[in-house]
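Biologist: I would like to learn how to read aromatic ring pairs in a protein model. Could you walk me through it?

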Amino acid sequence: MKIFNYNPFIYLSITTLTLLSFSCSNKTENSKDHLVFRYNEHKNIGSLDPAFAKDNADIWAVNQLFNGLVQMDDSLLVRPSIAKEWTVTEDALTYTFLLKKEVFFHKHKLFKKDSTRAVTAYDFEYSFNRILDPNVASSGRWIFNKVKHYKALNDSVFSIKLKQPFPAFLGLLTMKYCSVVPKEITEYYGSDFRSNPIGTGPFKFKRWEENIKLVFRKNENYFEKDTNNNQLPYLEAVAITFLPDKQSEFMQFIQGNLDFLNSLDVSYQDEILTTKGELRPKYKANVDLIRSPYLNTEYLAFYMDSDLNEIQSKQIREAVNYGFDRQKMMTYLRNGIGIPATGGFIPKGLPGYSSSIGYSYQPEKTKQLIANYIKQSGNTNPKITLTTTSNYLNFCEYIQRELTKTGLIVNVDVIPPSTLKEGKANGKLDFFRASWVADYPDAQNYLSLFYSGNFAPNGPNYTHFSNPEFDQWYTKAFTETDELERIKLYTKMDSLVLKNTPIVPLYYDEVIRFTQKNISGLGSNPINMLELKHVKKKTKVL
């Protein structure tokens with residue numbers, strides 16, 4: 001039996017930002033603003049209920065309010081959260097968690113005595129039941145697809161048994177869907193729990209004016225401490241605004257009204273960054289830049305069940321893969337932010353990634369592939385339509401120009417995000433731009449897009465790629481307990497996908513974060529989770 005123990009007072013330190021010295025001044029920020037962390041969401045937050053924590057904006061907010069059994073650190077290692085320790089049986093089927101005793105829900109009058117109570121294993125049993133309840137209709141039901149049953153054995157012991165071994169299961173439990181919620185509060189509010197959240201997190205809900213402002217306050221009874229046994233969090237509050245325009249968001253950040261910016265938009269990327277992805281000199285005195293790998297693969301996808309001859313042709317699909325310079329694309333369209341995808345679909349930084357299985361820029365080979373297609377098919381005017389949203393139009397137009405030089409006509413069709421989402425799910429688009437951000441940090445999550453049992457709209461296989469050998473390896477990977485052998489399988493599957501060309505990998509994204517100089521402890525991680533419990537904000541000299 002494998003035992004995982006953890007000292008509750010010891011946490012791996014998060015990478016701290018470099019703080020430059022300030023010149024002295026007798027002017028400082030308002031003292032009330034001193035410990036308030038401010039950031040903007042250009043999309044509105046849909047819900048503060050962890051059962052619906054699907055989009056990044058919702059996940060970030062929910063992460064400040066709720067905890068689960070386990071959590072993931074910046075190195076993608078699973079660490080205890082409400083669970084103090086856990087054991088896994090030798091057959092890798094049964095997980096038994098021992099809970100910490102001094103974890104309390106945020107205060108609420110419905111708790112009556114002391115306005116709070118301790119979390120028990122029965123709360124996790126209820127919370128998981130709630131995710132699976134069809135009346136709740138949580139978007140996280142799929143997490144329990146491989147779970148046979150779970151049960152609270154007593155107040156402090158919770159057991160989960162799987163149907164089959166699944167090495168990535170602990171990673172799944174770190175998702176915000178698996179947060180603990182109190183039965184008496186969720187049942188009182190029903191669907192309105194979305195705007196009346198009560199959790200155990202480092203911050204507690206204070207106020208929400210939808211599309212205007214969301215405020216969290218410090219949880220004075222939070223159970224986690226730093227490496228020096230100091231109470232977390234350090235901040236007094238978190239304030240989130242909802243400016244929809246990214247240019248306006250950028251201006252608010254530059255003016256010092258936001259502490260953090262987590263995007264790189266075409267409207268200002270040349271203003272703040274050089275083509276090498278470095279801060280321009282005029283911003284270095286006031287702004288810090290954090291860059292790190294992001295488990296997000298940006299790609300183009302072919303619908304393999306398309307009736308179009310060009311889409312069915314492997315020669316055309318290979319030609320698209322060889323037909324444009326990814327490095328040049330990243331330098332001039334993304335200011336060097338992101339890694340050109342010359343490997344497979346599995347992004348760099350994740351076990352299973354290989355740099356040798358992808359496609360390089362070979363214009364002459366592209367021309368030859370297209371010439372061969374024309375000769376064999378008799379189609380002297382091959383053309384395809386690439387569907388995208390306005391945010392990625394510059395990428396698609398670049399690829400369009402490069403491929404037109406080789407003899408392949410590419411039309412670009414720009415549609416709203418909601419229309420593209422519906423179209424790719426229902427097989428209405430022959431060739432489209434897409435991205436895949438890891439739900440959990442295991443390559444199996446990426447490879448699930450090519451398993452024939454996951455055909456959209458019932459799964460994430462939007463290309464309708466189907467290969468019996470791939471399916472056999474994919475199934476085998478679930479039961480492979482040798483980690484190195486499982487990683488080899490991942491690479492073999494990724495290589496097989498690339499050889500059959502249902503996709504065109506564009507680049508592996510990077511997390512890019514801009515912060516004010518007085519912010520420290522924010523760090524970064526490959527799943528782009530916003531973790532604020534270790535953040536410090538110093539008084540800013542004006």
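This is a predicted model: local features need pLDDT of at least 70, side-chain atom pairs count only at pLDDT 80 or more; totals for chains, interfaces and linings use all residues.

Biologist: What describes a pair of aromatic rings?

Modeller: The distance of the centres and the angle of the planes describe it. In this structure there are 37 aromatic pairs. Take phenylalanine 37 and phenylalanine 260: their centres are 6.0 Å apart with 40 degrees between the planes, a tilted pair.

Biologist: Which parts does that pair tie together?

Modeller: Phenylalanine 37 belongs to strand β2 (residues 36-40) and phenylalanine 260 to strand β12 (residues 260-261), so the pair connects parts 223 residues apart in sequence. Both phenylalanine 37 and phenylalanine 260 are buried.

Biologist: Why is the pair of phenylalanine 128 and phenylalanine 158 edge-to-face?

Modeller: Planes over 60 degrees apart count as edge-to-face. Here the planes stand at 80 degrees, with the ring centres 5.5 Å apart, so the pair is edge-to-face. This pair also links distant parts of the chain, 30 residues apart: phenylalanine 128 is in helix α2 (residues 121-132) and phenylalanine 158 in strand β8 (residues 157-162).

Biologist: Where does lysine 146 lie?

Modeller: Lysine 146 lies over the face of phenylalanine 478, 3.9 Å from the ring centre. Likewise, the charged end of lysine 424 sits over the ring of tyrosine 462, at 4.6 Å from its centre.

Technical notes:
Residues are numbered from 1 along each chain as its sequence is written. Side-chain values use heavy atoms; hydrogens and water are left out. Rings of Phe, Tyr and Trp (its six-membered ring) pair if their centres lie within 6.5 Å; planes under 30 degrees apart count as stacked, over 60 as edge-to-face and the rest as tilted. Helices (H or I, at least four residues) and strands (E, at least two) are DSSP runs, numbered from the N terminus. Buried means under 20% relative accessible area, exposed over 50%, partly exposed in between (1.4 Å probe, protein chains only). A charge sits over a ring if NZ of Lys or CZ of Arg is within 6 Å of the ring centre and within 35 degrees of the ring normal.
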